[in-house]
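Please walk through this protein and its ligand with me.

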Amino acid sequence: MTMEDVPYTSIFVTNAADTSQDSLGKSRSTSLSCRRHWNRLSRLQKSFIFMLLLIVVSFCLISTTFTWAPDASVAEDDLLRNKFHALPLSNQNPGASRRNEHGSAFSRNMGVPSNAGLPTMSRQLQPDIEPSRAQQLKVPEERSKEIKQQVAENIRSVISLDPVIPISKRKRQTKKPPMVAVKTDYHRLKLDGPKNQRQQEVVNAFLHAWKGYKTFAWGQDHLRPISKTGQDWFGLALTLIDSLDTMYIMGLQKEYFEARDWVDNSLSFDLNRNVNLFETTIRVMGGLLSAYHLSGDEMFRHKAEDLGNILLAGFKSPSGVPYSDVNLRNRVAHGPSWSPDSTTSEVTTIQLEFRDLSRIVNNPIFEESAMNVSKHVHTLPKTHGLVPIHITPGTGSFRMTSVITLGARGDSYYEYLLKQWIQTGKKIDFLRDDYLLAVDGIQNRLVQRTHLSNLTFINELENNGQVLRPKMDHLVCYLPGTLALGVLHGLPQWHLDLAKDLLYTCYLTYKRQPTGLSPEITFFNTEESATHDFWVKHNDAHNLLRPETVESLWYLWQITGDKMYQDWGWEIFQSFLKYTRVEHGFTSISSVLNPENTRPRDMMESFFLGETLKYFYLLFSDKPIFDLKTWVFNTEAHPLPVYDH
Ligand code: DMJ
């Protein structure tokens, strides 16, 4: 017992003794005189008093029932707040100080803001989605149970030893959001399932792949459909997150909500793993952002913000050009072990996502960090607008000896110049100008035609821009779609001619193989004596279920209205079904050259569900589903809204 306790104890003892003697007699005489007064009243007077009492009691009962729930939520918040204070500092989320540092809103955060304890706190900790009117009017018992559960859950997450406790884990929404697009009236999206046989077949393929993933690899990055196991690259459920918006678009409600709940309950970024900044941004952040925009589900926004705060570590280099990898737990970034360089396309293909994140959480740090990279790259010397595929974060300079290509490690630099310009309402001129210069450079320095059939292809440029190499990655086949998109947004019409010619070549890289599937890399012949337009090296003959050609077919169909592109896509889809579908999903194959022996690789990449099947579904639609003036697709096929600046 402390000194402060003593007076309170003695006062309590004295009062108790008084009550037992003196006050007992007083209360007896008071009750006798009341009864006398009552008996003297008339019948009317007695009825009037009864009525009055009844009204007062009813009023009290009603007001208790309807004001109880909000009071309880304040109590819940108080309990939570006390828990935060009770925790030793080392157990609190280290992200809190980071958020503070970047000026991010504390409202939903784990960290205790400087105004903790002020009355506003209970409002700040309200659920992410406002409880519906029906929820607010629930009977107290039911609501009480719900709140107790929520508090227990919150406390569990607060006292866990995990250094990173995601915001969305603490304030989880209890009601599933409706399956409607958040901006239906504005974008007029109709996401109510397949409308024709081709789309239905795509949905069937998706469900087949999903079943395999769910059965054997649930929550893992990829499915190995032959060995019936999962594979982890980053440990971030890449397939599940890449697929969210595909399911939403296909109208697969049951599957979508299962995945949505997994993200809510089980997606954790507290992993001691190095992840690739670019891949994590385009697949995971992109997937979460588009799921948020389509569904309006706040949980996705919070998860994206959690991830964004971690990935910001990537930009902490001397030049601001990000390192390739970030450790999710300790938030330390570094380059790959074999090189001091980052990849040009990687550091310039995170801007759509970081900008969108900034806009939806109202914190400029993400957009600024990523946009500074674009601004910096804009100032670097280039070859007719074309860039080498390596850049050094230490100095911020290009590795000038690196190859120039529209394929691996160069591709989406060009794509994001255009798409960023579109995303920001076509107001940032240097993005458009760099894109236009680059397309000029492609046309004048890289484009060539085969001698035999006059097929258009795009070379690579080696040795400091001196030597042309007639090698084209399948990845280059995204370019026709991007060129067509530029034309839709008012860029020169000749870009569409180039797009059509190039897409025809891409289509032939499928059609002319005995499996009807394209290899990873194709070499082209320009000599007069050539008997073939192109050929494939044994080691380049694999097919990874990549999306780029289907992506471009979709853009070209939607922009030109020419159904020929749908038919080409249908042929390609049949070939995927024939040669890559296995009992428990789809698999990449080692050879497109030999239908008798494709040598399956036992790997279904997340982009097959996130991109390839989504683009097939969009391509086979009778009418365009997305308005390409109000939506812009990231490089992993995740739709994001266009802003006006
Ligand atoms: C995807 O992750 C993206 O499309 C990226 O831009 C390139 N590589 C794969 C698909 O091939």
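Of the 645 residues in the protein chain, 55% are buried, that is, they have under 20% relative accessible area; exposed means over 50% and partly exposed lies in between, with a 1.4 Å probe and protein chains only. This is a predicted model, in which local features need pLDDT of at least 70 and side-chain atom pairs count only at pLDDT 80 or more, while totals for chains, interfaces and linings use all residues. Residues are numbered from 1 along each chain as its sequence is written, and side-chain values use heavy atoms, with hydrogens and water left out.

The protein chain has 24 helices and 18 strands. Both are DSSP runs numbered from the N terminus: helices are H or I with at least four residues, strands are E with at least two. Take the contacts in the protein chain between residues at least 6 apart in sequence: 70% join residues at least 24 apart. Contact here means heavy atoms within 4.5 Å. The accessible surface of the chain is about 28500 Å², and carbon and sulfur atoms hold 55% of it. Such areas come from the Shrake-Rupley method with a 1.4 Å probe, and for residues only the protein chains shown count as cover.

Now the ligand. Where does the ligand sit? It sits in the largest pocket. A pocket is found on a 1 Å grid over the protein atoms alone, as an open set of points with protein on both sides within 12 Å along at least five of seven lines. A molecule sits in one if more than half of its atoms lie within 2 Å of its grid points.

The surrounding shell is I282, R283, L475, R546, P547, E548, F607, E611, T635 and E636. Each has a heavy atom within 4 Å of the ligand. Helix 13 (277-295) and helix 24 (606-619) each give at least two residues to this shell.

For R546, a polar side-chain atom is 2.7 Å from a ligand oxygen. For E611, a side-chain N or O atom is 2.8 Å from a ligand oxygen. For T635, the distance from a side-chain N or O atom to a ligand oxygen is 2.7 Å. On its own the ligand has 290 Å² of accessible area, and the protein covers 91% of it.

Next comes T549, in helix 22 (residues 548-560). Is T549 buried or exposed? T549 counts as buried because its relative accessibility is 0%. Its side chain joins that of H474 in a polar contact of 3.1 Å. Leaving out residues up to four places away in sequence, T549 touches H474, C477, L503, C506, Y507, Y510 and I572.

Two loop residues have backbone angles to check. Most residues other than glycine have a negative phi. K228 is not a glycine, yet its phi is positive, about 55°. K228 lies in the loop between strand 1 (222-224) and strand 2 (229-231). At 41% relative accessibility, K228 is partly exposed. R599, also not a glycine, has a positive phi of about 50°. R599 is in the loop between strand 16 (585-586) and helix 24. Its relative accessible area is 34%, so R599 is partly exposed.

P381 counts as exposed because its relative accessibility is 57%. Not counting residues up to four places away in sequence, P381 touches F398 and M400. P381 and F398 are 17 residues apart in sequence, and their C-alpha atoms are 8.4 Å apart.

Terms used
Polar contact = N/O pair within 3.5 Å; in protein donor to acceptor, adjacent residues only side chain to side chain. 1 Å grid on protein atoms, 1.4 Å probe; cavity = no way out; pocket = protein on both sides within 12 Å on 5 of 7 lines; lining within 4 Å.
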